[in-house]
Every structure is written in structure tokens, then in C-alpha cells.
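Visitor: I'd like to learn how to read salt bridges in a model. Can you walk me through it?

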Amino acid sequence: MRCIDEVGFVRDLSRFKAGNVAAEKLVELLPIEGIGAAYAFAAGLFPRLRSGGSTTPYRSGTPALGMAVSAETALRLALGQQTQRIAHVSGLNQRLSAQLGQYPAVRFNSPPNAVPHILNLSVTGVKGTVFQRALSEQGVCVSVRSACAAEGTPSAAVYAVSHDRRNALSSWRISLSHLTTHEELTEFLRAFARCYQALVP
């Protein structure tokens, strides 16, 4: 199995360059809260709700016109600056990867062709939750698995890619956006260095 993308659901189309999602069957768009859309590349869509019809056979209820227009506007604004935003985030990701890659215990779990907005990594010998708490004490927020995941279990996604349970238990991820600055990245790297020195034997 080849990992195409680090993101489970494509929640922001502005993150993807043309062709990056061509292999996917379905893209879910959630540009703003309360409205969404699904686009099928090659697969057919089937009704997910069986409790009545509407203007289409794919959902029940009446679509909210105001929300649909808002979604179109949000997507138009996001896609209008897509190239610049992706370039900025890619630069941040490259800098982060280069700096963190100098630490012997750091192992990257994100594939090379993943969206640059998320960098998943493991620090060998340190559980992801432990490193997360240490960074939190430094004022830095990172994610370990999803909010609904059972405590103390390895990341299923990272385990599927790495086939290494200890590595999956040590994994956590850094999220970047077009709003992230190089100054913030510098502060993160300083916090990471302090945590690494304290936690890695």
C-alpha cells in the first residue's frame, strides 16, 4: 500500500495543486462551518440518507442558498491565492524538515508528496503524548492522533505506513498554514530543542 496523502479528509481544496488529488475517488470540501460539498472524480455517489428526497437524490432537506453562496465565495477567495499560499507553506515545511532532520532521533512519517501543511514525525524513544505535553509547557500546540482516539494506542495511519508500533506510538504532527510566520517557526524550533534535550537520552 502506498500512502498518497497525510490528510484523512480533504477539507480545504486550496491546499492542493492541480493533479495532487487525481488518484482520489472523492474529495470532501468543507470551506465554512455548516455547508459542504462532495466532488466525485470517477466513482458514482450513492445516497447516504434514506429518509426522504430533496432537490437531489444524495441528501435530504432543503439546501440553504445563503450558505451555498458563502461556500462559493470562500472557495473563490481561497483558490485565488492558492499558488502563493502553497509556496509559502512549502517553504516553511522545507525549513522545518531541514532543521528537525538534523536531530538523530527524529523520524519523518509524512511521505514526500504529502501536503506541506502537515508534518508528521516521531522522536524515537519518546511517546508522542509525552513530547506533546513538553511542547505544551513551552507554549506550543501540536497534535497526537485524533480527539476521539483511545488513549495510549498507536496511530493507525502511521502504523499502516511504517509497520512499526513503537514509531506509531511516538508520532505527532505539526500543522502549518499561510498565516504561520518564519518568526513563529523559529520559536517552535527553539522550544523543540529544549524538549529534545530534556527527553531524549
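Guide: Let's go through the salt bridges pair by pair. Keep in mind that this is a predicted model.

Visitor: What is the general idea, and how many salt bridges does a search of the whole structure find?

Guide: Side chains of opposite charge can pair when their charged atoms come close. Here, the search turns up three salt bridges.

Visitor: Which residue does arginine 76 form a salt bridge with?

Guide: Its partner is glutamate 72, with the closest N and O atoms 3.3 Å apart. Both sit in helix H1 (residues 65-80), four residues apart, or about one turn of the helix. Arginine 76 is partly exposed at 47% relative accessibility, and glutamate 72 is partly exposed at 41%.

Visitor: And glutamate 187, which residue does it form a salt bridge with?

Guide: That one goes to arginine 190, with 2.8 Å between the closest N and O atoms. Glutamate 187 and arginine 190 are about one helical turn apart because three residues separate them in helix H6 (residues 182-199). Glutamate 187 has 43% relative accessibility, so it counts as partly exposed; arginine 190, at 47%, is partly exposed too.

Visitor: Where do aspartate 164 and arginine 107 lie in the chain?

Guide: Their side chains meet in a salt bridge at 3.2 Å, N to O. This pair links distant parts of the chain, 57 residues apart: aspartate 164 is in the loop between helix H4 (156-162) and helix H5 (165-169), while arginine 107 is in strand E3 (residues 106-108).

Visitor: How does aspartate 164 count at 26% relative accessibility, buried or partly exposed?

Guide: Buried would mean under 20%, so at 26% aspartate 164 counts as partly exposed. Arginine 107 is partly exposed as well, with a relative accessible area of 33%.

Definitions and conventions. Residues are numbered from 1 along each chain as its sequence is written. This is a predicted model: local features need pLDDT of at least 70, side-chain atom pairs count only at pLDDT 80 or more; totals for chains, interfaces and linings use all residues. Side-chain values use heavy atoms; hydrogens and water are left out. A salt bridge is a side-chain nitrogen of Lys or Arg within 4 Å of a carboxyl oxygen of Asp or Glu. Helices (H or I, at least four residues) and strands (E, at least two) are DSSP runs, numbered from the N terminus. Buried means under 20% relative accessible area, exposed over 50%, partly exposed in between (1.4 Å probe, protein chains only).
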